[in-house]
Amino acid sequence: MRAVVTRVKNARVEIDGKINGKTDGGFLVLLGVGPNDTEASCDRLADKVCGLRIFEDENEKMNLNLEQVGGSLLVISQFTLFADCKSRRPGFSGAAKPDLAIPLYERFMAQCEARGFHVEHGEFGADMQVFSQNDGPVTILLDTDTL
């Protein structure tokens with residue numbers, strides 16, 4: 001699995017002009033699932049994301065985690081994180097099919113909720129507009145193949 005985790009002051013996702021999910025501070029997580037991903041890799045990624053210490057403490061050092069700042073998550077499915085860009089037109093055969101991707105996307109969110117975080121989300125496969133006010137900016141790339 002791959003995740004792009006952005007520290008945000010706020011973020012929202014709209015579908016058909018209506019807000020589907022939002023956070024007023026925390027993480028915007030773009031989440032991609034690969035064909036070889038498992039429940040174990042999903043759980044490992046959720047643990048890593050929820051534990052990231054990328055919020056500033058009183059000394060302006062990135063030392064605080066999501067729980068310590070009372071943040072929440074907005075999670076957006078993003079199969080394009082597995083794009084093959086060998087040619088100018090990306091291919092997406094490296095992304096998991098929906099029958100694997102949807103359950104792992106839902107499991108990731110459930111794992112974050114089980115850790116006590118409020119999670120909102122987009123809609124898998126929908127045409128979404130994502131808006132965010134990045135904080136920092138701070139953006140972290142995570143891949144379960146390297147965790």
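Student: What share of the contacts between residues at least 6 apart in sequence joins residues at least 24 apart?

Tutor: Contact means heavy atoms within 4.5 Å. Among contacts in the protein between residues at least 6 apart in sequence, the share that joins residues at least 24 apart is 73%. This is a predicted model, where local features need pLDDT of at least 70, side-chain atom pairs count only at pLDDT 80 or more, and totals for chains, interfaces and linings use all residues. Residues are numbered from 1 along each chain as its sequence is written, and side-chain values use heavy atoms, with hydrogens and water left out.

Student: How many helices and strands are there, and in what pattern do they follow along the sequence?

Tutor: Helices (H or I, at least four residues) and strands (E, at least two) are DSSP runs, numbered from the N terminus. The protein has 3 helices and 8 strands, and their pattern along the sequence is β-β-β-α-β-β-α-β-α-β-β.

Student: What radius of gyration does the protein have?

Tutor: The radius is taken over C-alpha atoms, and the globule rule is 2.2 Å times the number of residues to the power 0.38. For 147 residues a compact globule would be near 15 Å, and the protein agrees because its radius of gyration is 15 Å. Its C-alpha atoms fill a box of roughly 45 × 35 × 30 Å along the principal axes.

Student: Is F108 buried or exposed, and which residues does F108 contact?

Tutor: Buried means under 20% relative accessible area, exposed over 50%, and partly exposed in between (1.4 Å probe, protein chains only). Of the 147 residues, 41% count as buried. F108, in helix α3 (residues 98–114), has 0% relative accessibility and therefore counts as buried. Leaving aside neighbours within four places in sequence, F108 contacts V29, L31, C42, L45, A46, V49 and V75.

Student: Where does S41 lie, and what does S41 touch?

Tutor: S41 lies in helix α1 (residues 39–51). Its relative accessibility is 7%, so S41 counts as buried. Not counting residues up to four places away in sequence, S41 touches M1 and T144.

Student: How many disulfides does the count come to?

Tutor: A disulfide is a pair of cysteine sulfur atoms within 2.5 Å. By this rule the count is 0. C112 is in no disulfide, and the nearest cysteine sulfur, that of C50, is 3.5 Å away. C112 is buried, with a relative accessible area of 0%, whereas C85 is exposed at 55%.
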